[in-house]
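Subject: Model handover

Hello,

Here is the model we discussed. Please open it first, then read the notes below.

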Amino acid sequence: MGISEVLKGEFDFWDVFCEKRWGYSIFFTLSKVKERKEGFISGVGVRKVKGDFVDFVSLEPENGFKFLEENNFFFDFKIHEDFFYPDFEKFLFKLDSQLREKGKDKIENIEMSFSVSSGDFGIFSDISRVRFSRKKALFNINVFTEKNGEKESFHEFVFSEKVDDRFFKKAEEKAFYA
């Protein structure tokens, strides 16, 4: 379905929401990488409002993005190169080794994960145009211990809008705190 069919009929106003997002995640447990995921998501939806009634319609992305371009609303999506850190795995192996050395015979398991995403979003209508970008990174760690039959678990996380040395330093600090 194209946007011209969606915008037929009577309504007070309409707007189009669009999104393109890239994400990467890695899950580490039992001293190895268990899962890696990477992918893109994109979508376009139209909201029509008439009085107290709201109608939402999802469009095929190519139809929606074509409509936006035809109306001079350009969507310049890109993966933020400064946001992707290629050595996530190396960092996780090093941290796992350090934590196991420090915890000696207490540590039963360590689970760690990273996820990063980078997205562009936009809202377009006949009266306004807004476009914004968002980047986020998340590090999670769960440490499971057992000593003399007593089990405990500890959880910490770090959330940031940058993947840099400070982010990894904070992740390391939180890991040793857990």
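**Salt bridges and burial**

At 16% relative accessibility, Glu-156 counts as buried. Here buried means under 20% relative accessible area, exposed means over 50%, and partly exposed lies in between (1.4 Å probe, protein chains only). This is a predicted model: local features need pLDDT of at least 70, side-chain atom pairs count only at pLDDT 80 or more, and totals for chains, interfaces and linings use all residues. Residues are numbered from 1 along each chain as its sequence is written, and side-chain values use heavy atoms, with hydrogens and water left out.

The side chain of Glu-156 forms a salt bridge with that of Lys-174 (3.4 Å, N to O). Lys-174 lies in helix H4 (residues 165-177) and Glu-156 in strand S6, so the pair ties together parts that are 18 residues apart in sequence. Lys-174 is partly exposed, at 25% relative accessible area. A salt bridge is a side-chain nitrogen of Lys or Arg within 4 Å of a carboxyl oxygen of Asp or Glu. Helices (H or I, at least four residues) and strands (E, at least two) are DSSP runs, numbered from the N terminus.

How many salt bridges does this rule give? The count comes to eleven.

- Arg-131 and Asp-120 meet through their side chains in a salt bridge (3.2 Å, N to O). The pair links distant parts of the chain: Arg-131 sits in strand S5 and Asp-120 in strand S4 (residues 107-125), eleven residues apart. Arg-131 is partly exposed at 39% relative accessibility, whereas Asp-120 is buried at 2%.
- Lys-104 and Glu-101 also form a side-chain salt bridge (2.6 Å, N to O). Lys-104 is exposed, with a relative accessible area of 54%.

S5 pairs with strand S6 (residues 150-160) in the antiparallel sense, over eleven bridges. Two strands pair if DSSP finds at least two bridges between them. Ala-137 has Ser-160 in S6 as its bridge partner. Two residues lie between the strands of the hairpin, and Asn-148 takes a positive phi near 55° there. Asn-148 belongs to the loop between S5 and S6. Asn-148 is exposed, with a relative accessible area of 78%.

Asn-140 is in strand S5 (residues 129-147). The Asn-140 side chain makes a polar contact with the side chain of His-155 (3.0 Å). A polar contact is a pair of N or O atoms within 3.5 Å; within protein, one must be able to donate a hydrogen and the other to accept it, and residues adjacent in sequence count only if both atoms are side-chain atoms. Leaving aside neighbours within four places in sequence, Asn-140 is in contact with Glu-111, Met-112, Ser-113, His-155, Glu-156 and Phe-157. Contact means heavy atoms within 4.5 Å.

Arg-129 is also placed in S5. Arg-129 is partly exposed, at 47% relative accessible area. Which residues does Arg-129 contact, leaving aside its neighbours within four places in sequence? They are Asn-71, Asn-72, Phe-73, Ile-123 and Phe-124. The C-alpha atoms of Arg-129 and Phe-73 are separated by 7.6 Å, with the two residues 56 apart along the chain.

Is Asp-15 buried or exposed? Asp-15 is buried, with a relative accessible area of 13%. Asp-15 lies in strand S1. The Asp-15 side chain makes a polar contact with the side chain of Arg-47 (2.7 Å). Not counting residues up to four places away in sequence, Asp-15 touches Gly-45, Val-46, Arg-47, Ile-123, Phe-124 and Ser-125.

Phe-17 is in S1 too (residues 13-29). Phe-17 is partly exposed, at 37% relative accessible area. Together with Ile-123, Val-130 and Phe-132, Phe-17 makes a nonpolar surface patch of about 310 Å². Patches are made of residues with over 30% relative accessible area and no salt bridge; like charges are joined within 9 Å, and nonpolar side chains (Val, Leu, Ile, Met, Phe, Trp, Tyr) within 5 Å. Accessible areas come from the Shrake-Rupley method with a 1.4 Å probe; for residues, only the protein chains shown count as cover.

Ser-31 is in the loop between S1 and strand S2 (32-50). Ser-31 has phi near 60°, a positive value in a residue other than glycine. Ser-31 is partly exposed, with a relative accessible area of 32%.

Best wishes
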